Amino acid sequence: MKLGILSSIMDGWTYEEMIDDISKIGYESVEVACWPQGKSERRYAGVSHIDTEHLDGVKAKAHLSYAEEKGVELSALAFYPNTLDPNEEKRKANIEHLYSVIDAAASLGVNLVNTFIGRDQSRNVEENLKLVEKIWPPILEYAKKKGVRVAIENCPMLFGPDQWPGGQNIFSSPVLFDKVFEILPYDNFGINFDPSHFVWQQMDYIRVLYEYADKIFHVHFKDIKLLKDKLSRCGVMAYPLDFMIPKLPGLGDVDWGAFISALTDIGYSGYTAAEIEDKAFETGREGVIRSMELTYRYMRNFVI
């Protein structure tokens with residue numbers, strides 16, 4: 001396995017600054033944030049270290065050369081929108097940019113795009129699955145022709161009132177994994193698995209690795225701390241952020257030894273990316289760098 005990081009925590013860094021800093025810390029790879037330029041709709045989104053809509057051969061070669069010079073590999077390109085957004089204009093814009101990210105992944109030889117499948121939070125599961133069946137085959141066919149794999153992160157995108165009810169990403173549990181894979185039986189379609197989302201949903205984040213071993217294309221290292229005193233008062237029907245908070249790996253409730261052990265059991269030898277979303281460390285660049293260093297130091301106990 002390669003120990004990497006998702007670059008979205010480095011908002012305001014140039015591509016070169018981002019590569020420099022993760023290289024100094026020791027990360028071997030980076031999942032590069034590729035949102036549309038200057039368009040941020042939520043925390044950690046809107047960060048763009050590669051402008052995929054204006055990427056040409058010269059720029060692609062320069063990006064790759066710089067990363068190689070610093071000993072960093074590009075594990076994937078990251079764009080996590082809602083491709084099933086009920087607003088038709090937003091949905092269209094999200095899908096169009098996703099195509100540009102797929103193009104960029106092919107041009108850079110990365111050949112992996114990490115994203116969300118999306119969800120219309122006002123519709124039920126069955127209605128959303130019909131949308132998946134309508135919207136996603138052309139995207140995956142296009143990616144297949146480009147030689148690009150697409151991995152969906154298992155985050156429900158349900159945190160507070162803005163995503164209530166239902167959340168904005170239907171790909172959130174093994175039951176729904178099965179339904180989506182039945183609709184989209186593509187070899188280039190898989191999972192970017194993040195155990196933290198199973199913690200607060202109270203699902204088994206170890207067993208799922210064995211069940212979907214051949215579909216795990218990429219892995220996120222993010223932690224979640226359940227606030228049991230608050231959960232005992234508000235219950236699981238409350239907004240999730242009422243009873244949990246994202247933390248650096250090692251500061252939450254994920255058993256990283258067990259998780260990495262299971263990854264080695266299934267023979268996973270691909271890329272991993274630390275996803276840092278701990279507000280306690282968001283005190284300017286120094287705080288972000290410190291969070292990256294602490295995460296690297298901790299995860300090196302397991303990924304050697």
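These questions and answers look at how some terms apply to this predicted model.

The model is predicted, so local features need pLDDT of at least 70 and side-chain atom pairs count only at pLDDT 80 or more, while totals for chains, interfaces and linings use all residues. Residues are numbered from 1 along each chain as its sequence is written, and side-chain values use heavy atoms, with hydrogens and water left out.

Q: Why is strand β2 called largely enclosed by the rest of the structure?
A: A residue is buried when its relative accessible area is under 20%, exposed when over 50%, and partly exposed in between (1.4 Å probe, protein chains only). Five of the five residues of β2, residues 29-33, are buried, so the strand is largely enclosed. Ser29, Glu31 and Ala33 point one way from β2, Val30 and Val32 point the other way, and all are buried. Strands here are DSSP runs (E, at least two residues), as helices are (H or I, at least four), numbered from the N terminus.

Q: Why does Gly257 count as partly exposed?
A: Its relative accessibility is 29%, and therefore Gly257 counts as partly exposed. Gly257 has its place in helix α9, residues 256-265.

Q: What makes β2 and strand β3 a pair?
A: Two strands pair if DSSP finds at least two bridges between them. Five bridges join β2 to β3, residues 73-78, and the two run parallel, with Val30 standing opposite Leu74 in β3. Strand β1, residues 2-6, also pairs with β2 in the parallel sense, over three bridges, and Ile5 stands opposite Val30 in β2.

Q: What makes a β-α-β unit right-handed, and which elements form one here?
A: With the strands pointing away from the viewer, the path from the first strand over the helix to the second must run clockwise. β1, helix α1 (residues 15-25) and β2 make such a right-handed unit.

Q: How do you know which residues touch the most other members of the largest nonpolar core?
A: A nonpolar core is a set of buried Ala, Val, Leu, Ile, Met, Phe, Trp, Tyr and Cys residues joined through side-chain atoms within 4.5 Å. Of the 99 residues in the largest one, Ile117, Trp136, Phe221, Phe259 and Met292 touch the most other members. Helix α4, residues 125-146, gives the most to this core, with eight residues.

Q: What is Ile117 in contact with, leaving aside its neighbours within four places in sequence?
A: Contact means heavy atoms within 4.5 Å, and the partners of Ile117 include Thr83, Val132, Trp136 and Phe189.
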